[in-house]
Amino acid sequence: MKFTHAITRKPGNSFPYGITTAALGKPDLELALTQHNQYCSALVQLGLQVDVLPVLELFPDSVFVEDVAIVEPDFAVLTRPGAIPRRDEAQEMLPVLQKYYKRIYQIEGNATLDGGDICKADDIYYIGLSARTNLEGAQQLASILNYFGYRSELIDIRRLQGILHLKSAVNYLGEETLLLDPRLAAQWPFSGYRKLVVPLEEAYSANCLRLNEVLLVPFGFPHTLELVTNAGFDALLLDVSEYRKMDGGLSCLSLRW
Ligand code: CIR
């Protein structure tokens, strides 16, 4: 799929006060902004039109726009984030999506779902059941996707310690290839794919992002870089150290279609 559009949101002064389990210290806001600019520039370089939304101080984690929607070229789904402080963040995305989409669905009721738990691999969607995404949320999304002709498979990651979202641990790189955290690779067969498994000490870098011809790889993970380069991917390094401190990775920083 050729990506043409992306939505990102700038981090605000409240960013260091978001939710995290990382224990890597507080992010440096100025550096976070520089890294955000570099991220957006990379997306532009790769041919995407990037809508950079203004800061939302009330929602420290709102820079992680991936969690509030699932986007395809012809429809979008607004999520219902699992973390209570993030719950109303999704509604802030509604007017933005209305600029691009006629068909917008919403995860409703007691269902919860974070976009970080959704990993698309060609015409199948893997949906993570996690501390953030419950069965009802997964089922609501699966039925919307089914209507549009996509298959879904649920993957329960609730017993995997230290893995926030499904996409913290598995990402589809294209060419029938998955990049995996070894803890998930040991639990789930993912048959039919070429599997690249990152070393445990570089687990964070299982979250790489394939965009058009290039694979965005977080800076500072040499084994993963070697792994994906040897597998034939054209890697572009981006430093997202300040987002890692808040449990966010490369994919979390944008919505793409
Ligand atoms: C959170 O805990 O919700 C944020 N601090 C990090 C969200 C990362 N998002 C993602 O993996 N898609």
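Tyr193 is buried, with a relative accessible area of 16%, where buried denotes under 20% relative accessible area, exposed over 50% and partly exposed the range in between (1.4 Å probe, protein chains only). The model is a predicted one, in which local features need pLDDT of at least 70 and side-chain atom pairs count only at pLDDT 80 or more, while totals for chains, interfaces and linings use all residues. Residues are numbered from 1 along each chain as its sequence is written, and side-chain values use heavy atoms, with hydrogens and water left out.

Tyr172 is likewise buried, at a relative accessible area of 12%. Aromatic pairs were assigned to rings of Phe, Tyr and Trp (its six-membered ring) with centres within 6.5 Å; planes under 30 degrees apart count as stacked, over 60 as edge-to-face and the rest as tilted. By this rule the count comes to 14 aromatic pairs. The ring centres of Phe15 and Tyr243 are 5.3 Å apart and the planes stand at 40 degrees, so this pair is tilted. Phe15 belongs to the loop between β1 (5-9) and α1 (29-45), and Tyr243 to helix α6 (residues 241-244), so the pair ties together parts that are 228 residues apart in sequence. Both Phe15 and Tyr243 are buried. For Tyr172 and Tyr193, the centres are 6.1 Å apart and the planes at 70 degrees, so the pair is edge-to-face. Tyr172 is located in strand β9 (residues 170-174) and Tyr193 in the loop between α4 (182-187) and β11 (194-197); the pair therefore ties together parts that are 21 residues apart in sequence. One aromatic cluster is formed by Phe75, Tyr105, Tyr147 and Phe148.

The chain has six helices and 15 strands, defined as DSSP runs numbered from the N terminus (helices H or I, at least four residues; strands E, at least two). In helix α2 (residues 89-100), the residues Glu89, Ala90, Met93, Leu94, Val96 and Leu97 are buried. The buried residues of α2 pack against β1, β2 (49-53), β3 (69-71), β4 (76-78), β5 (104-106) and β15 (255-256).

His36 is found in helix α1 and, at 0% relative accessibility, counts as buried. Contact is defined as heavy atoms within 4.5 Å. With neighbours within four places in sequence left aside, His36 is in contact with Thr8, Arg9, Lys10, Pro11, Val52, Val63, Tyr243 and Leu253. Gly232, by contrast, counts as exposed at 63% relative accessibility; this glycine lies in the loop between α5 (222-230) and β14 (235-238). The C-alpha atoms of Gly232 and Pro81, 151 residues apart along the chain, are separated by 36 Å.

Overall dimensions were also computed. The radius of gyration of the chain is 17 Å, which agrees with the value near 18 Å that a compact globule of 257 residues would have; the radius is taken over C-alpha atoms, and the globule rule is 2.2 Å times the number of residues to the power 0.38. The C-alpha atoms fill a box of roughly 40 × 40 × 35 Å along the principal axes. Of the 257 residues, 55% count as buried. Among contacts in the chain with a separation of 6 or more, 67% are accounted for by residues 24 or more positions apart.
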